[in-house]
Amino acid sequence: MKNYYEILEVDVKASKEMIDRAFKLLAKRYHPDTKSDEKKAWAEEKFKEINEAYEILSNEENRKKYDVELDYEKNSAIQALCAKNEHLQQQVHRLEKELESFRNGTKNNNYFTNNASSHANANNQSNNDNIVQNYIRYAQNMYENNAYKDYIKPVTEEELYSYKKSRIKDFFAFLITIAIIIGIGFLLWNIPFTRNFLIGLYEDNPPIKGLVDFFLNLFN
């Protein structure tokens, strides 16, 4: 079953407005007319997929039915994953028991009374132990990866777009603040009392005069 939320790169709780915005963005990005000849067939398939997802998620009734089916599929997948993890756990336990039995059997084997043969077989035992231990670690890693992979969520296109949008807003807010400060300074300069006060402050205070002259020279 296709995951239409992943196709439109939105969260399952996305609003109708967010779905509309995501559709317009993706439709523009993957429109076949904007692609070269070698990518046109791929873009057509992608564009068809996007339209199919939008047709379902943009309709309230269709989306409700789809969500029920998607939840059922996810629950089935979770049950299958749990069964697989349980099977892997059983394999790990079985391998640990076999390794322990193998070690105990090797210790009680009368064949190791000969020192030379004992040394050679001890090396074989060590190699076998390493192989089994590596397999156990591999099984455990598979179990852990399957158990926790659903908690790892990549950054979505929508989240990246939202971050860039907030950065642009901050930049414009900074520009507006600078413009307001310049505007206030211009107004104060055109008031005679304020202008005379600033000129007197500039001429009577050498440190301030030096600082102002320094910045004026930067722009000259």
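Biologist: Why is Asp20 called buried?

Modeller: This is a predicted model, and in it Asp20 has a relative accessibility of 18%. Buried means under 20%, so Asp20 counts as buried.

Biologist: What makes Asp20 and Lys16 a salt bridge?

Modeller: Their side chains meet at 3.0 Å, N to O. The cut-off is 4 Å, so the pair qualifies as a salt bridge. Both residues lie in helix H2, four residues apart, about one turn of the helix.

Biologist: Why is Lys16 called partly exposed?

Modeller: Lys16 has a relative accessible area of 36%.

Biologist: Why is Glu60 called exposed, and why is Lys64 called partly exposed?

Modeller: Exposed means over 50%. Glu60 has a relative accessible area of 56%, so Glu60 is exposed. Lys64, with 47%, is partly exposed.

Biologist: What makes the pair Lys2 and Glu52 tie parts of the chain together?

Modeller: Their side chains meet in a salt bridge at 3.5 Å, N to O. Lys2 lies in the segment before H1 and Glu52 in helix H3, so the pair ties together parts that are 50 residues apart in sequence. Lys2, at 38% relative accessibility, counts as partly exposed, and so does Glu52, at 28%.

Methods. Residues numbered from 1 in each chain as written. Predicted model: local features only at pLDDT ≥ 70, side-chain atom pairs only at ≥ 80, totals over all residues. Heavy atoms only, no water. Helix = DSSP H or I, 4+ residues; strand = E, 2+ residues; numbered from the N terminus. Buried < 20%, exposed > 50% of the residue type's maximum accessible area, 1.4 Å probe, protein only.
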